[in-house]
Amino acid sequence: MPHDQFEAHEWILKHQIFALLMISFFFGLGVLCFAPVRILQGNLVVGISQLLLGLFMLSGFFLLRKNKTFYARYALTFMILFFLYTWLIFFKVPQNHLNILWVIAAPILIFFFLNRKGGMVMFVLVTLFIIYLMLSGYPYTLAEYITLIGAFLITTFVMYIYERVKDGERALMEAYAKRLSNEVEEKTAELTMLNTHLQQRINMEVKKQIEQEQMLLHQYRMARLGEMTDAIAHQWRQPLMHINAHLLDLETQLDRHDSVHPTTVMEKIDVIASITLQMSETIEDFRHLFDTQTEPENVQVYELFKELEMMLHYRLKEIELLIVCEEDIWIYLPKNMLLQVLVAVVVNALEVFVLRKTPSPKLILECREEGNTVVFSVTDNAGGIEAKALSSLFDPYFTTKKHDGGTGLGLYIAKIIVERQLKGNIRAENIGDGASFTIFLPISKQ
């Protein structure tokens with residue numbers, strides 16, 4: 001049975017069971033009350049029959065209330081006993097002219113509790129019963145017989161038409177429910193397909209965004225490559241001059257044919273070796289800055305700030321730099337990623353200093369612990385961020401330094417690294433006479 005037809009059948013069956021329960025209880029209780037009266041009147045057959053019928057109906061009431069699956073068998077048994085009880089009343093209490101009510105009630109109960117087919121079978125049986133009454137000389141007048149037959153036929157006809165109408169309404173309800181079910185299934189299929197296509201589009205867009213971010217990161221690294229080369233040139237200029245000075249001194253002594261003591265030569269070689277080692281360390285520091293390795297490590301924040309100061313030393317010569325950070329603050333994350341973020345934020349501030357020609361430029365690097373979070377802040381006194389630029393500051397290709405070589409990628413890449421790789425967040429705001437960039441990273445120590 002389809003689901004919608006099953007629901008309609010269940011709804012009708014529920015009301016049939018309820019009606020049968022009520023009739024069983026009150027009718028059974030009623031015949032039990034009349035049973036002693038019949039027995040006292042000397043009509044033992046009717047009294048005992050009423051007693052048994054009442055007990056059966058009350059037993060059926062409690063049984064059906066406990067288990068609804070007995071409905072079909074109990075309804076059929078109930079109708080058979082009702083028919084037999086009607087037969088008994090007619091023959092044992094012939095003087096009661098209210099017996100006609102039992103004949104009228106028969107088709108109503110039969111059509112309601114059984115199906116139309118069962119109702120027609122009982123109709124034939126009741127018809128045969130009435131014919132038998134007429135042939136057996138039952139003490140009814142012709143008018144009473146006509147009344148009995150007419151009432152029975154009219155009641156049966158009305159109940160038959162009612163069942164036809166009910167079946168028609170049920171068929172319409174089932175058809176309507178089936179149409180609704182089909183529409184729901186179609187809409188569900190459409191939504192499922194739409195969700196599938198939407199998920200595919202989301203996956204494509206996510207993939208496209210990741211590829212775009214990778215491309216922007218590559219562009220950012222290429223743009224910073226020139227700055228890194230420039231920084232290395234600044235870092236190497238003075239060491240190379242020292243090396244050149246020592247070599248010129250040796251060359252001058254050799255050209256004058258002065259005796260050069262081996263100890264002097266070894267000292268100069270040691271000095272040159274020390275200088276070249278420092279130059280090598282400078283190369284190593286800048287190489288790690290753009291390393292793509294993402295393995296986390298324990299990082300001492302204060303030392304990281306000092307490393308950042310060393311890397312940007314040549315650009316910080318005329319900047320008052322203040323580091324506010326306790327030496328016992330550690331964090332577990334990929335060091336090079338955090339360093340890239342800090343470089344991007346600090347370089348952005350340095351570029352603003354130059355662009356606005358800030359007098360007495362000052363930069364504060366601060367770190368503190370707040371609960372389970374390490375908070376980094378980079379604060380300058382360059383006049384702050386314009387209100388219209390504040391909401392777009394971390395957008396790709398957005399820059400207020402377009403005519404001064406700005407790419408609009410530095411802060412965007414910093415935001416991507418903080419949020420996607422380091423699982424934190426970054427924000428910018430105006431404080432006092434400058435701007436402050438604050439980075440929130442979860443504490444993860446090992």
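The following questions and answers go through a predicted model of one protein chain.

Residues are numbered from 1 along each chain as its sequence is written. In this predicted model local features need pLDDT of at least 70, side-chain atom pairs count only at pLDDT 80 or more, and totals for chains, interfaces and linings use all residues, while side-chain values use heavy atoms, with hydrogens and water left out.

Reader: How many helices and strands are there in the protein chain?
Author: Helices (H or I, at least four residues) and strands (E, at least two) are DSSP runs, numbered from the N terminus. In the protein chain these come to 11 helices and 7 strands.

Reader: What share of the residues of the protein chain counts as buried?
Author: Buried means under 20% relative accessible area, exposed over 50%, and partly exposed in between (1.4 Å probe, protein chains only). The protein chain has 446 residues, and the buried share is 38%.

Reader: What share of the contacts with a separation of 6 or more comes from residues 24 or more positions apart?
Author: A contact means heavy atoms within 4.5 Å. Among contacts in the protein chain with a separation of 6 or more, the share from residues 24 or more positions apart is 71%.

Reader: On which side or sides of helix α8 do V301, L304, F305, E307, L308 and M311 lie?
Author: These residues of α8 (residues 301-311) are buried. The arc is taken from the directions from the helix axis to the C-beta atoms. Because they cover an arc of only 160 degrees around the axis, they lie on the same side of α8.

Reader: Is S377 buried or exposed?
Author: S377 sits in strand β5 (residues 373-380). Leaving aside neighbours within four places in sequence, S377 is in contact with I364, L365, E366, R368, S436, F437 and T438. Its relative accessibility is 6%, so S377 counts as buried.

Reader: Which helix gives the most to the nonpolar patch?
Author: I39, L44, I48, L51, L52 and L55 form this surface patch, with about 510 Å² of accessible area together. Patches are made of residues with over 30% relative accessible area and no salt bridge, like charges being joined within 9 Å and nonpolar side chains (Val, Leu, Ile, Met, Phe, Trp, Tyr) within 5 Å; a salt bridge is a side-chain nitrogen of Lys or Arg within 4 Å of a carboxyl oxygen of Asp or Glu. Accessible areas come from the Shrake-Rupley method with a 1.4 Å probe, and for residues only the protein chains shown count as cover. With 5 residues, the helix that gives the most is α2 (residues 44-66).

Reader: How many residues apart in sequence are the parts that the pair of F25 and F61 ties together?
Author: Rings of Phe, Tyr and Trp (its six-membered ring) pair if their centres lie within 6.5 Å; planes under 30 degrees apart count as stacked, over 60 as edge-to-face and the rest as tilted. F25 and F61 form a tilted pair, 5.1 Å centre to centre with 45 degrees between the planes. F25 lies in helix α1 (residues 3-40) and F61 in helix α2, so the parts tied together are 36 residues apart.

Reader: What is the phi of K357?
Author: Most residues other than glycine have a negative phi. K357 is found in the loop between α9 (335-356) and β4 (362-370), and K357 is exposed, with a relative accessible area of 71%. Although K357 is not a glycine, its phi is positive, about 50 degrees.
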